[in-house]
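Morning, everyone. Please have the sequence and the model open while I talk.

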Amino acid sequence: MAATAPSDGGAPPNWDVLMRPRTHTPTATTAAITPADLTTRLYIFADDSMQGRLLATPGNVKGAEYIASELKRMGLTPMGDNGTYFQAVNIVDRAFDESTRLSAGSASFAPWTDYIVRDQGDGSRSLDGAQVIYGGTWGDSASLIDAAATAGKLVVLNVSPRGTTQGIPGSVARAAAVRRFPGAAGIAAAGMDLLPVQLQQILRQSSQSLKPDGTAPAVPAFLYITKRAASTLLGANVDSVKTGALGLTVTATPRFKETPVEYPARNVVAMIQGSDPKLRNEFVAIGAHNDHIGWSMRPVAHDSIYIVNHLFRTGGADDRPPQLDAAQQAQVNSLLADIRRRTNGASARADSIYNGADDDGSGSMSALEIAQYFAAQKVKPKRSLLFVWHTGEEAGLYGSEWYTDHPTVPRDSIVAQLNMDMVGRGSAADNTGITKEGGRYRGNPDYVQLVGARRLSTELGDLAESVNRAGKRPMSFDYLMDANGHPVNIYCRSDHYEYARYGIPIIFFTTGGHADYHQVTDEPQYIDYDRLARVSQYVADLAARVGNLDHRPVVDKAKPDPKGQCVQ
Ligand SMILES: [Zn+2]
């Protein structure tokens, strides 16, 4: 078949992978870190029967149980709740309480028709008794009111049909609006008439989050309202009223109600005790996430999505879905026909499960393989090794936030955390990252990405380099995604940050992005098991090196505010 290069000029995809077998017969795993062991593990963990391992669903429960049963077999020490391998994470289902009221003067407003309240945990200020003030048009900063004038008030903002946030008509970046009017009781953006119906439906659904514990800093309540509601609240037409004009005083009790999730959200936690009687009270933490994003209600044609994404959406879900022109569609169709011919049609299938083989089946199974490797060693590293498979990473780093807020070992005894998220790809055909300036780039046979390695401890970053140089076949480290102010903000986007916020030095290892990122095509037959084994062995070697140091890695950089905003 003719090689067809993707639109961004990378190496041509290898379409033959679409013909690889989709099942694997498990073999007994060994003490050594091997591609064969990792293959066995990942085909189990990313199997369709795990249903995409979505937080608080039977699939995620099943995935966590597989990890725990392996840990038990290997003889690791349980470090979860009550002598088990599981730590329950307090996830609740939060939904808008429709019995709550919003009224002003003689007018009362109906949820979903006149307004939508956004959930901000328990941080939203009360709107009861707040006077309405017109704050100008969002997107036209010259028209906006002085923040000082909005203290304690409900700020109504107009939303220009031309101004959009992330391309969504009518939407306002909540965080930016809250930063602009930090002292307001609430912010009501009059963009609801423009908001796409699908988005309004999404906003109506309940969502899962950590149960608020009353420590969230108070922020303005945030609502979308219709123009009609805005004009009623202001007692004047929102399109012609002057910035600073005062309106009615509202009576309001918007609340969210919580229900427990049906299936438990659990971190899996285990330890291998260190060999030094003193240093064993300190821990080198190794982490990954056990959850993924579940399944889609709308099945798609697997091969077709694979081909389209590998040609025209090389960043997977990080890129917008492409609009194909006739020539591009013809190219996809001919590649598809070729695969059909070569497999006698056997490869054709509808697919609805986000298997998450790379994300983060790869990191999760790597951590298990590293656990087995150390469990079999006669002489353990001096420090203890702490393994944590976090849940709820995809939904908002919930498991790692919970673990670091409720650690099962003293938090200050964790000397470093090595996080692995997506470590099974990274080839020259994969779009592994983008530069700060926006240029796409590719992996290579030795590729691995490091993020945050020197953000708290220069020494830890130096150790990572020296352990790599000492290896049989050093890998090539890519630090481009770690640039300060990089728009992808990757340092803030996986579990390691929850450790870093407490001043624990971290390194985030990943082989980077690819066309199958958060797609149904992230399946085990597309994983590079040799590379996964190399990354795993390397992380094990680094963990041993840190575990045997005569001192803990020196923190020589400023520690972040644990409850503050992450900044890359
Ligand atoms: Zn991930």
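First, some ground rules. This is a predicted model, in which local features need pLDDT of at least 70 and side-chain atom pairs count only at pLDDT 80 or more, while totals for chains, interfaces and linings use all residues. Residues are numbered from 1 along each chain as its sequence is written, and side-chain values use heavy atoms, with hydrogens and water left out.

Now the cores. A nonpolar core is a set of buried Ala, Val, Leu, Ile, Met, Phe, Trp, Tyr and Cys residues joined through side-chain atoms within 4.5 Å. Buried means under 20% relative accessible area, exposed over 50%, and partly exposed in between, with a 1.4 Å probe and protein chains only. The largest nonpolar core has 62 residues, and the members that touch the most others are Leu 71, Phe 509 and Leu 542. Helix H13, residues 529-548, gives the most to this core, with 11 residues. Helices (H or I, at least four residues) and strands (E, at least two) are DSSP runs, numbered from the N terminus. Another core lies apart from this one; it has 49 residues, including Trp 138 and Phe 181.

What does Leu 542 touch, leaving out residues up to four places away in sequence? Its contacts (heavy atoms within 4.5 Å) are Leu 418, Leu 463, Ala 464, Val 467, Ile 507 and Phe 509.

Ile 507 and Phe 509 bring us to strand E26. Five of the five residues of E26, 506-510, are buried, so the strand is largely enclosed by the rest of the structure. In a regular strand, side chains alternate between the two faces of the sheet. Here Ile 506, Phe 508 and Thr 510 point one way, and Ile 507 and Phe 509 point the other.

Which strands pair with E26? Two strands pair if DSSP finds at least two bridges between them. E21, residues 414-420, runs parallel to E26 and is joined to it by four bridges; Leu 418 has Ile 507 as its bridge partner. E24, residues 447-451, is antiparallel to E26, with three bridges, and Gln 449 stands opposite Thr 510.

Last, the disulfide, meaning a pair of cysteine sulfur atoms within 2.5 Å. There is one in the structure, joining Cys 492 to Cys 566 with an S to S distance of 2.0 Å. Cys 492 sits in the loop between strand E25 and helix H12, and Cys 566 in the segment after H13, so the pair ties together parts 74 residues apart in sequence. The torsion about the S-S bond is about -75°, so this disulfide is left-handed.
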